Amino acid sequence: MSKEQHIQYLRRSIEVSRRARESGNTPFGCILVDRAGRILWEQGNIEVTEHNCTGHAERTLMEEVSKRFSKEELWHCTMYTTAEPCAMCAGAIYWGNVGRVVFGITEKRLAELTGDDERNLTLDLPCTEVFASGRKPIVVIGPFPEIESEVVAVHEGYWK
């Protein structure tokens, strides 16, 4: 897939993050795309509205798609997400068997945005380290400086 296609799907995940924020949740979103380029699922964060501390977009997406698609099908999919998956979400991606992750901004950049806001005290643990601890060759692509300002814009005014 070309860089332009990756950016197109990342922009869709940014839209999902905007909808999550508008619904009262933290501003994160992701989508799952199959090998033919079809969007199979979109998911925003649900932790606030559902009172679910594990309601991150990526983990919730994995819970939903694992009920609908086989691990073989998921291995050939790509998850596009606004921010690098946290350790919890990377674990869900690993166990769910998605073969590729593409993200907009790093966890470190996210930590700069959220600061000391207790709603998102990020873990300084890149998803590549989580995946490298496993035994599957999950491909990780990101960050994308070309869309950083678009990702950041959804977070503006949200964090303390």
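**Reading the model, feature by feature**

Author: Start in a loop: P143 sits between β5 (139–141) and α7 (148–155). Keep in mind that this is a predicted model.

Reader: Which kind of peptide bond joins G142 and P143, cis or trans?

Author: Most peptide bonds are trans. The bond joining G142 and P143 is cis, with omega at about 5°.

Reader: At what angle do α2 and α4 pack?

Author: Helix α2 (residues 57–66) and helix α4 (residues 87–96) pack at about 25°, and their axes are 8 Å apart. Angles under 35 degrees count as roughly parallel, so α2 is roughly parallel to α4. The crossing of α2 past α4 is left-handed.

Reader: Which residues meet there?

Author: From α2 come E58, R59 and M62; from α4 come M88, C89, A92, I93 and G96. Sorted by class, this contact holds five nonpolar, one polar and two charged residues.

Reader: How much space lies in the largest pocket?

Author: Rolling a probe the size of a water molecule over the atoms shows where empty space is left. Here the largest pocket holds about 260 Å³. It is lined by 18 residues, and those closest to its centre are H56, C86, E107, L110 and N120.

Reader: How does the lining of the largest pocket divide by class?

Author: The lining has nine nonpolar, four polar and five charged residues.

Conventions: Residues are numbered from 1 along each chain as its sequence is written. This is a predicted model: local features need pLDDT of at least 70, side-chain atom pairs count only at pLDDT 80 or more; totals for chains, interfaces and linings use all residues. Side-chain values use heavy atoms; hydrogens and water are left out. On a 1 Å grid over the protein atoms alone, a cavity is a set of points where a 1.4 Å probe fits but cannot get out, and a pocket is an open set with protein on both sides within 12 Å along at least five of seven lines; lining residues have an atom within 4 Å of a point. Grid points are joined across faces, edges and corners, and a volume is the space filled by probe spheres set on the points. Ala, Val, Leu, Ile, Met, Phe, Trp, Tyr, Cys and Pro count as nonpolar, Asp, Glu, Lys and Arg as charged, and the others, Gly among them, as polar. Axes are lines fitted to C-alpha atoms, for helices over the stretch in contact, and angles run from 0 to 180 degrees between N-to-C directions. Helices (H or I, at least four residues) and strands (E, at least two) are DSSP runs, numbered from the N terminus. Angles under 35 degrees count as roughly parallel, over 145 as roughly antiparallel, 65 to 115 as roughly perpendicular and the rest as oblique. A crossing is left-handed if the near helix is turned anticlockwise from the far one by less than a right angle, and right-handed if clockwise. Contact means heavy atoms within 4.5 Å.
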